[in-house]
Amino acid sequence: MEEQQTPMQAAVKPGLTIGLISLAITYLAYFIDSSLLASGWFGLVSLVIMAVLLIYFGTQYRTEIGGFMTFGTAFNFSFIAMIISGIVGLIGMLLLYQVIDPSLPQLLADEAFQTSLKTMESFGANPDALPPAQLEEMRKATADSFTVIGQIKGFGFLLIFYALVALILGAILKKRDKSLDF
């Protein structure tokens with residue numbers, strides 16, 4: 001009889017797969033037009049692709065373990081797969097920013113800063129009314145998020161986001177065995 005994998009063991013391959021797919025999409029966007037990486041919709045599309053793939057792999061795992069999965073097992077599977085995917089993505093982005101194109105972080109920081117200013121204007125705020133020191137502080141904070149330390153800190157905050165998404169995916173993927181109800 002074949003031994004069943006734990007959620008941690010089962011999440012490794014899907015996590016690596018999702019990480020590599022998201023990295024391939026990121027690098028493709030970079031080669032098409034690097035400014036795409038700073039757009040909000042790119043992050044949203046990446047998130048949707050990751051969620052769809054996690055549901056697909058989670059459903060496969062649920063079938064593999066007998067067709068039923070508790071919320072805790074589904075949460076663990078999703079969370080671990082996202083962490084592994086995130087580590088692959090972090091390594092790939094550090095490679096892109098530090099080795100392949102060291103000028104890219106500044107370009108993306110400038111793009112993100114301009115997007116922030118446009119967003120402020122769309123909410124009725126006047127960015128020109130801000131003190132120059134505050135604008136410079138905003139620009140520096142944006143640029144810092146693309147450094148190695150900034151990327152690692154960002155991954156730390158991303159873990160919280162991953163946990164929230166894993167809660168949602170856990171609720172989607174769980175399936176209880178109703179034959180055990182009395």
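Let me begin in helix H5, where Lys-140 and Asp-144 both sit, four residues apart, which is about one turn of the helix. In this predicted model, these two residues form a salt bridge, and the closest N and O atoms are 2.9 Å apart. Asp-144 has a relative accessible area of 34%, so this residue counts as partly exposed.

How many salt bridges does the structure hold? There are two, and the other partner pair I would like to show you is Asp-110 with Arg-139, where the closest N and O atoms lie 3.7 Å apart. This pair links distant parts of the chain, since Asp-110 belongs to helix H4, residues 104-122, while Arg-139 belongs to helix H5, residues 132-144, and the two are 29 residues apart. Are these residues buried or partly exposed? Asp-110 is partly exposed, because its relative accessible area is 31%, and Arg-139, at 31% relative accessibility, is partly exposed as well.

Now please turn to a pair of packed helices. Two helices that pack together are described by the angle between their axes and by the distance between those axes. Helix H3, residues 71-100, packs with helix H6, residues 148-173, at an angle of about 155°, and their axes are 8 Å apart. Because angles over 145 degrees count as roughly antiparallel, H3 is roughly antiparallel to H6. The crossing in which H3 passes H6 is right-handed.

Which classes of residue make up this contact? Sorted by class, the contact of H3 with H6 has 23 nonpolar residues and five polar ones, with no charged residues.

Key: Residues are numbered from 1 along each chain as its sequence is written. This is a predicted model: local features need pLDDT of at least 70, side-chain atom pairs count only at pLDDT 80 or more; totals for chains, interfaces and linings use all residues. Side-chain values use heavy atoms; hydrogens and water are left out. A salt bridge is a side-chain nitrogen of Lys or Arg within 4 Å of a carboxyl oxygen of Asp or Glu. Buried means under 20% relative accessible area, exposed over 50%, partly exposed in between (1.4 Å probe, protein chains only). Axes are lines fitted to C-alpha atoms, for helices over the stretch in contact, and angles run from 0 to 180 degrees between N-to-C directions. Angles under 35 degrees count as roughly parallel, over 145 as roughly antiparallel, 65 to 115 as roughly perpendicular and the rest as oblique. A crossing is left-handed if the near helix is turned anticlockwise from the far one by less than a right angle, and right-handed if clockwise. Ala, Val, Leu, Ile, Met, Phe, Trp, Tyr, Cys and Pro count as nonpolar, Asp, Glu, Lys and Arg as charged, and the others, Gly among them, as polar.
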